[in-house]
Amino acid sequence: TPGEQFLAQQAWPRARARGDVSDAERLLVARFESTREAVQSIRQIRAEYNVTPGAMITAVVVPHVETVAVLEAQGGVIGSFTRAVVSVSTTAPTEASKSLVGQRVTVHVPLAGMIDFAKERLRLSAEIAQLQGALDTLLGRLSNEKFMAKAPPAIVDAERAKAAEWQSRLSLLQQQLAQLGT
């Protein structure tokens, strides 16, 4: 019997075919994915706004797939992984918040109390100015005929990819600044 053998003497586990998964197991996987997505979204928002790791924040999770009751049962787990007081609702909060829409849940984190709006505006403005300057320099290089004629195609492609990435980042920062208002 398995209880009487050493682990080294046990049979190797056997993989099951995809069709061998029960409905109960599918449900558990779906619940886990909803929880994982909520945790990932809250952590992303915390990182985006440079929230101190020890600071407790609030978050509202709106389920798309699961019921409110299912996610409420996971609220403690989500909160412990994200240093957040988590509530589950069918509606978004009305105050200014950062929202991330996922496949299974939408997470709303109210910004009031989480960040200092004036400091965050200054930080974002400075980052936008710095990134805009670097992007202008890069775009100038890419519009320089001599550079384009002499540079290897791999370098030109890398510079174009960098410019696209920076433009995307700049757009995101400008959106964040607009969310904070003036």
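Helices and strands here are DSSP runs, numbered from the N terminus. The model is predicted.

R14 sits in the segment before α1. Is R14 buried or exposed? R14 has a relative accessible area of 77%, so it is exposed. Its C-alpha atom is 39 Å from that of L100, a residue 86 places away along the chain.

| Helix pair | Crossing angle | Axis separation |
|---|---|---|
| α1 (residues 23-48) and α2 (residues 68-82) | about 40 degrees | 10 Å |
| α3 (residues 117-143) and α5 (residues 153-180) | roughly 155 degrees | within 9 Å |

Take α1 and α2. They pack at an angle of about 40 degrees. That makes α1 oblique to α2. The crossing of α1 past α2 is right-handed. Which residues of α1 meet α2? From α1 come R31, S34, T35, A38, V39, I42, R43 and R46. They face V70, L71, Q74, V77, I78, F81 and T82 of α2. By class, this contact has eight nonpolar, four polar and three charged residues.

Now α3 and α5. Their axes cross at roughly 155 degrees. An angle over 145 degrees counts as roughly antiparallel. Therefore α3 and α5 are roughly antiparallel to each other. α3 passes α5 in a left-handed crossing. The contact of α3 with α5 divides into 16 nonpolar, five polar and eight charged residues.

**S34, a buried serine in α1**

S34 lies in helix α1 and belongs to the set that meets α2. How accessible is S34? Its relative accessibility is 0%, so S34 counts as buried. What does the side chain of S34 contact? It makes a polar contact with the side chain of R104, at 3.0 Å. Leaving out residues up to four places away in sequence, S34 touches E66, L71, R104 and V105. One of these, L71, is among the α2 residues that meet α1.

**V109, a buried valine in β4**

V109 is part of strand β4 (residues 105-110). Its relative accessibility is 0%, so V109 counts as buried. What surrounds V109, apart from its neighbours within four places in sequence? V109 is in contact with I45, I57, T58, A59, S97, K98 and M114. I45 is 64 residues from V109 in sequence. In space, their C-alpha atoms are 7.6 Å apart.

**Positive phi in two loops**

Which phi value does N50 have? N50 has a positive phi of about 50 degrees, although N50 is not a glycine. N50 is placed in the loop between α1 and β1 (57-63).

R83 also has a positive phi, about 55 degrees, and is not a glycine. R83 lies in the loop between α2 and β2 (84-88). Its relative accessibility is 38%, so R83 counts as partly exposed.

**Recap**

α1 is oblique to α2, whereas α3 and α5 are roughly antiparallel. S34 is buried, and its side chain makes a polar contact with that of R104. V109 is buried too, with I45 among its contacts. R14 is exposed, while R83 is partly exposed.

Conventions:
Residues are numbered from 1 along each chain as its sequence is written. This is a predicted model: local features need pLDDT of at least 70, side-chain atom pairs count only at pLDDT 80 or more; totals for chains, interfaces and linings use all residues. Side-chain values use heavy atoms; hydrogens and water are left out. Axes are lines fitted to C-alpha atoms, for helices over the stretch in contact, and angles run from 0 to 180 degrees between N-to-C directions. Helices (H or I, at least four residues) and strands (E, at least two) are DSSP runs, numbered from the N terminus. Angles under 35 degrees count as roughly parallel, over 145 as roughly antiparallel, 65 to 115 as roughly perpendicular and the rest as oblique. A crossing is left-handed if the near helix is turned anticlockwise from the far one by less than a right angle, and right-handed if clockwise. Contact means heavy atoms within 4.5 Å. Ala, Val, Leu, Ile, Met, Phe, Trp, Tyr, Cys and Pro count as nonpolar, Asp, Glu, Lys and Arg as charged, and the others, Gly among them, as polar. Buried means under 20% relative accessible area, exposed over 50%, partly exposed in between (1.4 Å probe, protein chains only). A polar contact is a pair of N or O atoms within 3.5 Å; within protein, one must be able to donate a hydrogen and the other to accept it, and residues adjacent in sequence count only if both atoms are side-chain atoms.
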